[in-house]
Amino acid sequence: MNSTPEADWLNLLIGLLQGAQLQLLRVLDALGLAQHVYGQPAWPWARRLSGENLLIDLGQARSLAWTLVFVAVAVLALLLAFLWRRPRYYLLALVPMLLIAAPWPEPRVVLVPATPASFHASPTGFTAESIAQGRVLYQQNCVACHGANGKGEVPLAASLAVWPPDLSGPLLWRRADGDLLWRILHGTRDAQQGGQPTMPSFAAKLNEADAWALVDYMKAQGAGQSLRALGSWPQPIGLPDMAVRCGAQPPRLLASWRGQRVRIVAGGAAPVEDPRLVTVLLRPPSSAVATSADCVADSAAAWEALALIAGTEQLAGTQLIADRDGWLRARGAPGKAGWSDDDLLCRSERAPVAAAEQVAAALPADGLGALIARMDAQPVRFVKGGFIH
Ligand code: HEC
């Protein structure tokens, strides 16, 4: 999707809307006009501009983009009218004409209900520990309705007024993280049935750190379920952060290599190093054998988190590659020698094949080289509350 010229301006438009709203909130906060909830400034309005709907409704996105252009020209005309006396009345007459002529988008599509936490950013850093914490909380509080796999296909679901949604689909990615947090803590209501509660509130049982951990867990679980069902990660998923030891150096976080490609090799044997990637050996939780690998991670939480994302109980032998931005992109199945294009699990629908092949041609013709070229040529684009992949 990110190869089309359309996706480029759409990405820009959504980024602009998100950035402008976030800046507005920051300014309000700096002026002391914003209240705080869950440690971050609260969005004071009941609605916000929606990036996620624009991704789906290209026609409305186009209308909005043109309207913004019309409004910008109208503002410019107003400014000029103030500065420039002679054509003042022509310029002032132009303003309402522009505003009438603009192809205003439908408010219902562009404006969506907001929660006070709509613009909250997760503070967890998407760590393996946070996913592990979320797993325990999910088992305790959510599994009865949403099911172990998040699909909501449980006997209890039939007795609920509204069927629980499929948490392994694109829903979690379409929502702003802060809205997910808010709904977990405050529950949900059905708009059609006069505001009847559909999911109970968990504010009495969980705090915001718990809810953020649940968001991390649900995303990791959703990625694993997608991989099982579709053989790919249609929604981008980050490489969970974990502590890594390299030789005698003090432990460091995986995220400290952001900007470089990272390969995780799960298992006991030291992998062959490759200059194109940072290689980390992820050892099974109980292994006590010494290893000659340069960099090693061995927390049980990290093993579990990656098994969850890879959608497998047999993680040993699996290799995972994250790109320079920390997104997981490729998986090498256990026992498979070498890499191929098929291992790229997080890719664009309409790939800019020509561009990628051009880059690939310049690199060594091994599978990994081609894979890396493809990965680099198609970065994951990310917009909060709406992904372009
Ligand atoms: C009593 C059953 C029940 C329990 C328990 C429950 N949920 Fe839900 N959940 C639902 C239903 C029903 C919906 C659909 C609500 C709707 O669309 O109005 C839902 C929706 C959601 C959504 C989607 C919200 C959205 O933005 O559309 C998320 C995320 C979610 N639940 C997470 C959780 C988490 C996390 C827990 C555990 C802390 C949990 N749920 C516990 C029934 C439940």
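Two strands are said to pair if DSSP finds at least two bridges between them, and this cut-off is needed in the exercise that opens the set. The structure used throughout is a predicted model.

**Exercise 1. Strand β10 and its neighbours**

Task: Find out which strands pair with β10 and in which sense, and decide whether the residues of β10 are buried or exposed.

Solution. 

Step 1. Turn next to strand β9, residues 262-266, which runs parallel to β10 and is joined to it by five bridges. Here Arg263 stands opposite Thr279 of β10.

Step 2. Now consider the covering of β10 itself, which spans residues 278-282 and has five of its five residues buried.

**Exercise 2. The contact of domain 2 and domain 3**

Task: Describe how domain 2 and domain 3 meet, beginning with their bounds and ending with the salt bridges across the interface.

Solution. 
Step 1. According to the domain assignment, the chain holds domain 1 (5-113), domain 2 (128-230) and domain 3 (236-338). The centres of domain 2 and domain 3, taken over C-alpha atoms, are separated by 28 Å, and the contact takes 14 residues from domain 2 and 16 residues from domain 3.

Step 2. The size of an interface is often given as the accessible area lost when the parts come together. For domain 2 and domain 3 that buried area is about 1,200 Å², with 63% of it on carbon and sulfur atoms.

Step 3. Across this interface there are six residue pairs in polar contact. On the side of domain 2 that touches domain 3, α6 (128-141) and α10 (208-230) each supply at least two residues, and the largest share, eight residues, comes from α10.

Step 4. The interface is also crossed by two salt bridges. To examine individual pairs, take Glu304 and Arg135, whose side chains meet in a salt bridge at 3.2 Å, N to O, and then Arg228 and Glu313, which meet in a salt bridge at 3.4 Å, N to O. Because Arg228 lies in helix α10 and Glu313 in the loop between α11 (300-309) and β12 (319-322), the latter pair ties together parts that are 85 residues apart in sequence. Glu313 is exposed, with a relative accessible area of 69%.

**Exercise 3. Salt bridges and their surroundings**

Task: How many salt bridges does the rule count, and is Asp274 buried or exposed?

Solution. 
Step 1. The count comes to twelve salt bridges by this rule.

Step 2. In the salt bridge of Asp274 with Arg276, the closest N and O atoms are 2.9 Å apart. Asp274 has a relative accessible area of 15% and is buried, because buried means under 20%; Arg276, at 24% relative accessibility, counts as partly exposed. Both residues belong to a network of salt bridges that links Asp274, Arg276 and Asp366.

Step 3. For another setting, look at Glu106, which forms a salt bridge with Arg108, the closest N and O atoms being 2.5 Å apart. Glu106 is partly exposed at a relative accessible area of 35%, whereas Arg108 counts as exposed at 61% relative accessibility.

Technical notes: Residues numbered from 1 in each chain as written. Predicted model: local features only at pLDDT ≥ 70, side-chain atom pairs only at ≥ 80, totals over all residues. Heavy atoms only, no water. Buried < 20%, exposed > 50% of the residue type's maximum accessible area, 1.4 Å probe, protein only. Helix = DSSP H or I, 4+ residues; strand = E, 2+ residues; numbered from the N terminus. Domains from an automatic or database assignment. Contact = heavy atoms within 4.5 Å. Buried area = accessible area lost by both parts, 1.4 Å probe. Salt bridge = Lys/Arg side-chain N within 4 Å of Asp/Glu carboxyl O. Polar contact = N/O pair within 3.5 Å; in protein donor to acceptor, adjacent residues only side chain to side chain.
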